[in-house]
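Trainee: I am new to this structure and would like to go through it step by step. May I put some questions to you once it is in view?

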Amino acid sequence: MSEPNMTSEIVSLRNENAVLKEELALANQQLAWFRKQIFGRKTEQTSVVMEKEFGVQLSMFGNNEEKSAAKSAETITVPEHKRKKKRTHDEWMNNLPVKEEHHKIDNPVCEICGAEMEELTPEKAYDELIFTPPKYHIRRHIVHKYKCPECGEKPEERDEPCHIIRAPYPHAMIPGSYCSPELLAHIIYEKYAKSVPLHRQEKDFNSKNIPLLKATMSNWVGTAAEKWCLPIVEKMHETLIAGQMIHADETTVQVLHEEGRKPTTTSRMWVYCNGKMNDRSIIIFDYGYPLNTPQVRLLHQSSQKP
């Protein structure tokens, strides 16, 4: 082998040796990091460095650099802030009614000399937050009737019957039902504001010896929606279609035991809204309208306005 070839081979081997040493050092560094992740403390921080060959790699030897960088870093002044004062019990208890319960001794007598003792200024021992469970009672409406003493006293002399009047009284909010406004408001609030389904409310009423069925409460809620909420929804519908843009979406569902429809019939649940570019946000949920109903055609025509 000629001398120039040997020289070039030696240089090549030296370069290869340097590359292998560099790769070995990097492998040892990665191995040390993995060992630390498995056996070391998880709260220790490691620095991240960029390597030209492996992308992002973790460095195990950056502690000194971090310390020197921390010393050379500029001091940043953080503006002070006042921590919000923690609300004490007395602050919110002052807004609640207070019912005092006095603890007295009848005819106190000194146990040493037997003299009658005088009462001093009483002191507060402690406060308790009392929860009063709901109570139920029957509100019975008794209507008083009145008869005129002059009209109809002598039927043989007068053709008109006795004049009798009844005092005015509020009629039942749901005819033929014992539902009161307070009870219906409680049921609707529990169902929609607190997400308590009717079957759980039925169990709660039964625990208080009130056999109020889920089906009965469901009929009450439906009646309230049709009688008092539907006019509001219709007014919202008028305002919605009067706008320049309407967002609509539909979801197809199949409903079992629906009157007048087969179980395989496709029903639709609709949601309409006018978006956030209006003064008042309107969102209307609807159910069961096929695509060819006047309501949907009117909404689609309104949504296509220029």
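Trainee: In what order do the strands of the open sheet of three strands stand?

Mentor: This is a predicted model, and what follows is read from it. The three strands of the open sheet pair in an antiparallel way. Neighbouring strands in this sheet are turned against each other by 15° on average, direction ignored. The order is β5-β6-β7.

Trainee: Which strands stand at the edges of this sheet?

Mentor: The order of the sheet is β5-β6-β7. An edge strand here has a single partner strand, so one side of it is left without a neighbour in the sheet. The edge strands are β5 and β7 (283-287).

Trainee: How many bridges join β5 to β6?

Mentor: Strands of a sheet pair through backbone hydrogen bonds, either parallel or antiparallel. β5 and β6 run antiparallel, and T251 stands opposite M269 in β6. The number of bridges joining β5 to β6 is seven.

Trainee: Which residue meets E250 in a salt bridge?

Mentor: Side chains of opposite charge can pair when their charged atoms come close. At 2.8 Å from N to O, the partner is R268.

Trainee: In the salt bridge of K194 with E190, which residue counts as buried?

Mentor: The closest N and O atoms of K194 and E190 are 3.2 Å apart. K194 has 45% relative accessibility and therefore counts as partly exposed. Buried means under 20% relative accessible area, and the residue at 13% is E190.

Trainee: How many salt bridges does the structure hold?

Mentor: One of them joins the side chains of D204 and K208 at 3.0 Å, N to O. D204 is partly exposed at 36% relative accessible area, and K208 is partly exposed at 31%. The number of salt bridges in the structure is six.

Trainee: At which residue does helix α6 bend?

Mentor: Helix α6 covers residues 214-241 and bends by about 55°. A proline, P231, follows the bend within four residues. The bend is at C229.

Trainee: At roughly what angle do the axes of helix α4 and α6 cross?

Mentor: Two packed helices are described by the angle between their axes and the distance between the axes. The axes of α4 (residues 181-193) and α6 come within 10 Å. L183, L184, I187, I188 and Y192 in α4 meet M217, W220, V221, A224 and W228 in α6. The two helices are therefore roughly perpendicular to each other, and their axes cross at roughly 95°.

Trainee: Is L240 buried or exposed?

Mentor: L240 lies in helix α6, and its C-alpha atom is separated by 8.4 Å from that of Y272, 32 residues apart along the chain. The buried residues of α6 are M217, W220, V221, A224, L240 and I241. Buried means under 20% relative accessible area, so at 2% relative accessibility L240 counts as buried.

Trainee: What is the relative accessible area of N209?

Mentor: N209 is found in the loop between α5 (198-207) and α6. Its phi is near 60°, a positive value in a residue other than glycine. N209 is exposed, and its relative accessible area is 72%.

Trainee: Where does N107 lie?

Mentor: N107 has a phi near 50°, a positive value in a residue other than glycine. At a relative accessible area of 68%, N107 is exposed. N107 lies in the loop between α3 and β3 (145-147).

Trainee: How many helices and strands does the protein chain have?

Mentor: From the N terminus on, the elements run α-β-β-α-α-β-β-α-α-α-β-β-β-α. Buried residues make up 14% of the 306 residues in the protein chain. The secondary structure comes to seven helices and seven strands.

Terms used
Residues are numbered from 1 along each chain as its sequence is written. This is a predicted model: local features need pLDDT of at least 70, side-chain atom pairs count only at pLDDT 80 or more; totals for chains, interfaces and linings use all residues. Side-chain values use heavy atoms; hydrogens and water are left out. The bend at a residue is the angle between axes fitted to the seven residues ending there and the seven starting there. Buried means under 20% relative accessible area, exposed over 50%, partly exposed in between (1.4 Å probe, protein chains only). A salt bridge is a side-chain nitrogen of Lys or Arg within 4 Å of a carboxyl oxygen of Asp or Glu. Two strands pair if DSSP finds at least two bridges between them. Axes are lines fitted to C-alpha atoms, for helices over the stretch in contact, and angles run from 0 to 180 degrees between N-to-C directions. Angles under 35 degrees count as roughly parallel, over 145 as roughly antiparallel, 65 to 115 as roughly perpendicular and the rest as oblique. Contact means heavy atoms within 4.5 Å.
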